[in-house]
Amino acid sequence: MQDETEHLSTFTPEPTLLTTKHAATASALTQTIATTKNTLTQSISTTEIVETLPEPIFENHCKNDSTDLGKYGYYEWQRTKEGETSEIDCVYNLPDKKSSVSRRCFRLTWEQPDHSQCLTKNDAELIKMTTLEVTAENAKAITANLTAMVADANKISSAGIEATVRILEDLENKLDPESSKGIADIVSSLLDASDEDLKSSKQNLLDVMTRVAKMLSNNDKDTVWLQKI
């Protein structure tokens, strides 16, 4: 028994030798771990961390705001200091004339925008039409285009009506009596505009229709029509 115990106490196991297959497997595993670690390290170092910061507090400013001015367009206002006036280019402008809409920050409250210098989309198109030379050859086409442009009076303002009157004055002597009835349709559409928009052009419209009425055969109908102005 003593000999057996002495034998066990002096036993030293021989180191285990890895086979070629085992060595290859261990090497591949080591490489995989190294690659994964490298990928994770790069991912962490290149990932952009976006921190959502609260909007800074601007005292004595009117906040960002927006207004829909209907036929004059949509406007977005940036924060503006108390007592100052912000200006934005009108949505619809002429190439050679830039106008703006303004809005004042008063007592930390936005006042109503002043868009009195702005045009509507149809206004801008009508003003451009005043630059066309009206001839006997293109008068009918211009009348048709004009009729379409003013069909909805809510899409034009006083500037568009004034432009339309100038075009009508050029047209009245270029159209034959039958075609001149198109002018009556145009003026009829303009009468649907607001009194404020019509105010500056109403008399000129009446003058145009008085002259055109002489060219039309059905004077009774035109007399009734003129009474609407």
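**Reading the helix packing and the cores**

Modeller: Let us begin with a pair of helices, where α3 passes α4 in a left-handed crossing. Please keep in mind throughout that this is a predicted model.

Colleague: How should I describe such a pair, and at what angle do the axes of α3 and α4 cross?

Modeller: Two packed helices are described by the angle between their axes and by the distance between those axes. Here helix α3, residues 121–129, and helix α4, residues 139–149, have axes that come within 11 Å and cross at roughly 160 degrees. That angle makes α3 roughly antiparallel to α4, since angles over 145 degrees count as roughly antiparallel.

Colleague: How do α3 and α5 pack, and at what angle?

Modeller: The axes of α3 and α5 lie 8 Å apart, and the angle between them is about 25 degrees. The two helices, α3 and α5, are therefore roughly parallel to each other. The contact joins D123, L126, I127 and M129 of α3 to A159, G160, A163, T164 and I167 of α5, and its residues divide into 6 nonpolar, 2 polar and 1 charged.

Colleague: What should I look for in a core, and which residues touch the most other members of the largest nonpolar core?

Modeller: In soluble globular proteins, nonpolar side chains tend to be buried together. In this model the largest nonpolar core has 32 residues, and L126, L146, L168, L171 and I183 touch the most other members. At least two residues of this core are supplied by each of α3, α4, α5 (158–171), α6 (181–190) and α8 (202–213), and the largest share, 6 residues, comes from α5.

Colleague: Which residues does L126 touch, once those up to four places away in sequence are set aside?

Modeller: L126 touches L146, M149, V150, I156, G160, A163, T164 and I167 on that count. There is also a second, separate core of 10 residues, which includes L69, C90, C105 and W110.

Colleague: Is α6 mostly covered or mostly open, and how many of its residues are buried?

Modeller: α6 is mostly covered, with 7 of its 10 residues buried; among them are I183, I186 and L190.

Colleague: And is T143 buried or exposed?

Modeller: T143, which has its place in helix α4, counts as buried because its relative accessibility is 7%, and the cut-off for buried is under 20%. Apart from neighbours within four places in sequence, T143 is in contact with L171, L175, G182 and I186. K199, by contrast, sits in the loop between α7 (195–198) and α8 and counts as exposed because its relative accessibility is 59%.

Colleague: What does the chain come to as a whole, in helices and strands?

Modeller: The secondary structure comes to 9 helices and 7 strands, and buried residues make up 31% of the 229 residues in the chain. Among contacts with a separation of 6 or more, 56% are between residues 24 or more positions apart.

Conventions:
Residues numbered from 1 in each chain as written. Predicted model: local features only at pLDDT ≥ 70, side-chain atom pairs only at ≥ 80, totals over all residues. Heavy atoms only, no water. Axes fitted to C-alpha atoms, helices over the stretch in contact; angles between N-to-C directions. Helix = DSSP H or I, 4+ residues; strand = E, 2+ residues; numbered from the N terminus. Parallel < 35°, antiparallel > 145°, perpendicular 65-115°, else oblique. Left-handed = near helix turned anticlockwise from the far one by under 90°. Core = buried A, V, L, I, M, F, W, Y, C linked by side-chain atoms within 4.5 Å. Buried < 20%, exposed > 50% of the residue type's maximum accessible area, 1.4 Å probe, protein only. Contact = heavy atoms within 4.5 Å. Nonpolar A, V, L, I, M, F, W, Y, C, P; charged D, E, K, R; others polar.
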